[in-house]
Amino acid sequence: MEKVLITGISGAQGRLLARRLAAKCAVLGADRHPWPMHPPGVEVHPVDLRKKRFENLLRTERPDAVVHLGFIRHFRTDPGVRHDVNVLGTKQLLDHCTRYGVERLVVVSSGYVYGAFPENPYYMDEDRPLSASRSYPEIRDLVEVDALASAFIWRHPEIRTSVLRPVNVLGPTVHSMIAEYLRLSRVPTMMGFNPMMQFIHEDDLTEAIARTLEDRLRGVFNVVGSGAVPLHTAIRETGGRKLSLPEPLFRPLFDRLFGLGLWPYPAGALDFLKYPVTLSGRRFREACDVRPEYGLEEIFSSFRR
Amino acid sequence: MSESLDATGREPPSSKTRSPGRGVLGADPFADPTETDLAFDPVEALEARQQTTATRRPVEGAPSGGAPPTVESGAEAARQAGVVPKTVRRRASARTPRLREIEPPDPANVFERFLSDDERRRLAALEHLVDEDAPYDALGFSPQVARTAFPFFYGLYRFYFRVESEGHAQIPGRGPVILAGNHGGLLPLDGAMTVLDVLLHTDPPRLPRAIVEHWAGTLPWVNVFYARVGQVIGTRENFADLLDHGQLVLVYPEGVDGIRKPVSQRYRLQKFHMGFVEEALRARAPIIPVATIGSDDQTPILYDLKSIARWLGLPALPITPTFPWFGPLGLLPYPVRYRIVYGEPLDFTERHGPEDAKDPRLVRYLANQVRRALQRLVDRSR
């Protein structure tokens, strides 16, 4: 039986993926956090990606495939630690993969790496430069991770590597940044801006990751759900109430509050509420025939506030 | 898939359990996974949908006995059995019905009572540019918003600028077309009037999608308004996509240089951006020069304080006979009479193919030809 290692298995997306894969292959997990009551077919190892014990895990278990989900995407931790876990963790994981005979690797990056700018074309393809750090330096580690993994595809052609860049992930269990944002009691928006946004359901993303693994895909892929809606519609449909704020006043305020740790999002995140970051899923659609099961209404109604 | 979902205790959704539209997102326009991005193209979407229809459920009446049909044979069987609807979507101007096929809708508000049947038919035609019952298209165009904004711009068109126009026969009824115009008058009302003029005089009605300067994307409200009335913040990728999907694209190749030129340069074309020629070659689209007379007189710019404008991050800071002396009101365009003239299409497709778009000298030469044709048309129409 094939062995798959999932980093960040205790996160919501990791759990979904582990359950999805457990039927067909042996699933190993690595995470700093435990997964209490994990399903019996799944082994969870409480290790840190940056530590020797993680390397030992790969050396002894020799997984055939690795899915890299072990990122810190929120800003609650110290920025240094976050950078370390994301960039260094990925770097070491990539090294281990070459050393211990991993055949396939899937790195789940995100669509945010393109950055939100007024000059963004609609439905960007994968060749668009990753410019998020220009206006949103707090996620430059995620951009770096994406670049590391994308370069790895070409530097190690013997390992079938895929980098997935999903759009906003929503669902009943995931704690994505966008989910936390939409769960706020009053959802702040920037006055006079209402960009088109894309969403994908957590199950559809799980399926996309699993199929990437099973179909042995190689390359960089945007992963999109069904269609796009204006942000205000998304807020209304998820049961939220929007709060329109004038940007010139509130951008500096949010910046200050973020610095003090009283507000979860840096000011750069506000650009994603202003400018469209819509991705073209054509390449992924052509590479494997998986289609999203959830329409936008289903995504919104499955998402619990 | 279903196994894992069962494990988490949730129902896998299927087309059967899909919740009916609640009227907020319409009938869930985006529910079909094949419509993920830029779904203008009816043919591509039809093919994609045939594939999903075929893979999702065995087709009733399909000749294959029992065995689930493969993608290809399933799609073929579906086509033969006629289960795949012939028209899956109403989108793209190429598929807009002709005027006489549209029922004039009841007036939605007081203003629309003053419109003729013909004009109300044209408003109704806007609904055909998006999916059935969908409030938005993939680029954020909303027929409802466009319809709400229509009376205001129609008032400007009829009573303020008193637009006269000629040469509509030059605009093809379908397929990718580029309208290239002369820009002027600080506020891009020449664009608005041209969009309206084309919408009011083509059959089937076509909605030009203007390529708008990036800077407009940073303006609150303005950016949303542009998107909702079908105008597109300009990037080459969007331009190419629109043409690929058979849209009518309006460009002002002079860019902001056109609208901020001083009064001494009125009706003199400024330097052209040449990207539109490359896209025309690539998409094999004809270029129709469109001259707008009047726009350059609506806000005569005596002097442009360029350095201060740059410091403030504005495209221009003009001094006009009324601005800044009357405050922001001084920027209102004067009620000049507009004249819009469509010239003969320049069709380069016979002699040049898409690969010629890579030849910068040829592109410059062709752009100059467009420029000369447009300048001639402007001079003749004044």
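This is a predicted model: local features need pLDDT of at least 70, side-chain atom pairs count only at pLDDT 80 or more; totals for chains, interfaces and linings use all residues.
1. Leu312(B) sits in helix H12 of chain B, residues 306-312. Helices here are DSSP runs of H or I with at least four residues, strands are runs of E with at least two, and both are numbered from the N terminus. Leu312(B) is partly exposed at 47% relative accessible area. The cut-offs are under 20% for buried and over 50% for exposed, with partly exposed in between (1.4 Å probe, protein chains only).

2. Residues are numbered from 1 along each chain as its sequence is written, chains are lettered from A and ligands numbered from 1 in the order in which they are written, and side-chain values use heavy atoms, with hydrogens and water left out.

3. Chain B overall. Its 382 residues are 53% buried. Chain B carries 13 helices and 9 strands. Of its contacts (heavy atoms within 4.5 Å) with a separation of 6 or more, 72% are between residues 24 or more positions apart. The accessible surface of chain B is about 18200 Å², and carbon and sulfur atoms hold 55% of it. Areas come from the Shrake-Rupley method with a 1.4 Å probe; for residues, only the protein chains shown count as cover.

4. The sheet in chain B. Seven strands form an open sheet with mixed pairing, in the order S1-S9-S6-S2-S5-S3-S4. Pairing requires at least two DSSP bridges between two strands. S3 of chain B, residues 209-212, runs parallel to S4(B) over 2 bridges. Within that pair, Ile211(B) bridges to Val232(B) in S4(B).

5. Chain A overall. There are 11 helices and 12 strands in chain A. Of its 305 residues, 63% are buried. Contacts between residues at least 24 apart make up 75% of those at least 6 apart in sequence. Chain A exposes about 11500 Å², with 54% from carbon and sulfur atoms.

6. Helix H3 of chain A. The helix spans residues 79-99, 21 residues, and reaches 29 Å between its first and last C-alpha, close to the 30 Å expected at 1.5 Å a residue. That expected span is 1.5 Å times one less than the number of residues. Buried positions of H3(A) include Arg82(A), Asn86(A), Leu93(A), Leu94(A) and Cys97(A). The buried residues pack against S1 (3-7), H2 (52-61), S4 (65-68), S5 (104-108) and H5 (140-155) of chain A. Just after H3(A), Gly101(A) has a positive phi of about 65°.

7. Strand S8 of chain A. S8 covers residues 186-190; 4 of its 5 residues are buried, so the strand is largely enclosed by the rest of the structure. S8(A) pairs with S12 of chain A, residues 241-245, in the parallel sense over 5 bridges. Val187(A) has Lys242(A) as its bridge partner in S12(A).

8. Over all chains the structure holds 38 salt bridges. The criterion is a side-chain nitrogen of Lys or Arg within 4 Å of a carboxyl oxygen of Asp or Glu. Glu61(A) pairs with Lys3(A), the closest N and O atoms being 2.9 Å apart. Glu61(A) is in helix H2 and Lys3(A) in strand S1 of chain A, 58 residues apart. Lys3(A) is partly exposed at 25% relative accessibility. Arg99(A) and Glu55(A) form another salt bridge, at 3.1 Å from N to O. Arg99(A) lies in H3 and Glu55(A) in H2 of chain A, so this pair ties together parts 44 residues apart in sequence. Arg99(A) is partly exposed at 48%, while Glu55(A) is buried at 11%.

9. Further charged pairs in chain A. Asp215(A) and Arg211(A) meet in a salt bridge, 3.4 Å from N to O. Asp215(A) is partly exposed at 33% relative accessibility; Arg211(A) is buried at 19%. Arg20(A), Lys24(A), Glu207(A) and Glu214(A) are joined in a salt-bridge network.
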